[in-house]
Amino acid sequence: MEKRIFIAVLLSFAILYGYSLIAPRLFPQFVPKKAPVTATSTTGTTSTSAATTTSNTTTAPAAPPAVAPQPAVAATTIVANIGASAEENTRIETPDFIVVFSNRGAELTSFQLKGYRTKSGGHVDLVKARAAGRIDYPFAIVAQNRPVADRLNAALWQVTESRDGQTTIIDYKYANNGVAASKTFRVGPEYMFHFAVAVNPAMPYRVAIGPGIRTLEADEGQSQLTITGDAVVQRDDSLKLIKRDKADPFATYGADTQFIGIEDNYFLSVLKPEKASGAVLSRVEETGAKNEKRHELYAALNATPDGVVSGSAFFGPKDTGVVDKYGLERTLQFGTFGVIARFFLTALKWINTWTHNWGFAIIVLTILIKIVLYPLQHKSIVSMRKMQKLQPKVEAIKSRYKKAKSDPEQRQKMNMDVMKLYQTEGVNPMGGCLPMVLQLPIFWGFYGLLSRAIELRGAPFIWWIHDLSTKDPYYITPILMTITMFVQQTLTPTTVDPAQRRMFMIMPLLFGFFFKELPSGLVIYWLVQNILSIIQQLIMNKWWKDHPSEQPS
């Protein structure tokens, strides 16, 4: 029996480890359908600031295909030359973010989230860093006519700012050499803002965001938990996740596209079409600072035949309240057991209102889970204790079938006699396995929660643990967890002989190896579970003789 438990648990954690490395979001979580939210534009104050210096080299995405003819409407009118003589940046600050637009190409150059910090202390910027002089910022124009697109993206556009209630409206206009274009952005305190682009004469083009999303810090880039630059496409209320390294070089999506964008564990940038001819996802090769090659994705909306594309854009955190508000709830992926993870997150939020520390909230939730699972775990210990008492009788049965290993018929008879003994004594041989099996969905739910819930990103616990969503930097909690597993295994009733028992003592070491790179919050959960199980086992060992389960039926 113990062999089966050992193999089952070992395989489960091997699968979990592979899951975290290869397919951490293989099975999307589907939550109840919500109606799409129409973007509203409201705002904060405006001021001018210097452009941000950036640092990566990228290749522009491939030119879009020609779009199918549709009824035309008027676009930008070609007039005398329109432009600006100097680069000008427009900075809009709200309680939640700081956004910067540049009149060079009329593009978004920075979107900093004030509520989320990098380890260096700055705001998280959802516009990935570029090398000086690059012009492929979000809302750049990509076209089959590359000279025209390059000219529009490099040109200095005329900019006009105005206010409409609490909304800041930024109007960009450019006209030269027979081409006129305009871009309008309406930005407010909401993470969702509106944009509209028009080019005249009309030509096939698209408006793109990317490549990728935000610049990772060094420790994030080295972590197996980090998922960055993947794409999300929602069509007909069905979300599709597309891996950055496995995406097609160029993929098109029809008019039923509800949104398309780029994401990582914690943040999201998407475009929601209002007037467009479908969407595009393109993959390019990027050269990093150390000349390493990696793929990055662009998400874009195609313009209509009349040269117009408009819609809403979201740049923000994958906070449950935020994504639910804007109809992006399906992008919040907590893995296979996402329903459990979201329940735990709701519980942790409530507990944290009392503890004011996410680490202590995890401990309290672990205790509550232990209380809920106590009947099953108690039954498991009782079952294993009874099997331990029956072991001499089991060995006696085995001694009668000395050829069971080589004779299938004798082995079958032996197993039938053993099962008959268990039935007579009222013992369920699977009673010891069931609680462990039921623990795995809880474990996976916690794993998905701690590696993807932005609420726990950067959440400190005590002393050396400054971020519950990342590994323990000194491996102290995995070591303590391994020690408690040794203690727990020593106290747990068993039916194996001493030689096999010593072999099974390797299990805590395997668990410790698996856990050392996992989020420290997850290790704390398992460590507390072990401590509570040890206490439970010590109590039962002390008062076992008086336990009703030991009394003859």
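I'll start with two helices. The axes of helix α9, residues 476-491, and helix α11, residues 507-515, come within 9 Å and cross at roughly 155 degrees. Over 145 degrees counts as roughly antiparallel, so α9 is roughly antiparallel to α11. As for the hand of the crossing, α9 and α11 make a right-handed one.

Keep in mind that this is a predicted model.

Which residues of α9 and α11 meet? From α9 we have Pro478, Met481, Thr482, Met485, Phe486 and Gln489. On the α11 side they meet Met507, Pro508, Leu509, Phe511, Gly512 and Phe515. Sorted by type, the residues of this contact between α9 and α11 are nine nonpolar, three polar and no charged.

Next, confidence. The chain has an average pLDDT of 78, and 75% of the residues score at least 70. Where pLDDT is low, the predicted coordinates should not be read in detail.

Now the aromatic rings. To describe such a pair, you give the distance of the centres and the angle of the planes. The count for this model is 27 aromatic pairs. One of them is phenylalanine 193 with phenylalanine 315: 6.0 Å centre to centre, 25 degrees between the planes. Planes under 30 degrees apart count as stacked, and this pair is stacked. Where do the two residues lie? Phenylalanine 193 is in strand β10, residues 192-200, and phenylalanine 315 is in strand β19, residues 308-317, so the pair ties together parts that are 122 residues apart in sequence.

Last, some backbone details. Which peptide bond involving asparagine 200 is cis? The one from asparagine 200 to proline 201, with omega near 5 degrees. Proline 201 sits in the loop between β10 and β11, and β11 is 205-209. Another cis peptide bond joins glycine 210 and proline 211, with omega about 0 degrees. Proline 211 is in the loop between β11 and α3, the latter being 218-222.

The remaining residue is asparagine 177. Its phi is positive, about 50 degrees, although asparagine 177 is not a glycine. You will find asparagine 177 in the loop between β8, 167-176, and β9, 179-187.

That is the end of my part.

Key: Residues numbered from 1 in each chain as written. Predicted model: local features only at pLDDT ≥ 70, side-chain atom pairs only at ≥ 80, totals over all residues. Heavy atoms only, no water. Axes fitted to C-alpha atoms, helices over the stretch in contact; angles between N-to-C directions. Helix = DSSP H or I, 4+ residues; strand = E, 2+ residues; numbered from the N terminus. Parallel < 35°, antiparallel > 145°, perpendicular 65-115°, else oblique. Left-handed = near helix turned anticlockwise from the far one by under 90°. Contact = heavy atoms within 4.5 Å. Nonpolar A, V, L, I, M, F, W, Y, C, P; charged D, E, K, R; others polar. pLDDT = per-residue confidence, 0-100. Phe/Tyr/Trp six-rings, centres within 6.5 Å; stacked < 30°, edge-to-face > 60°.
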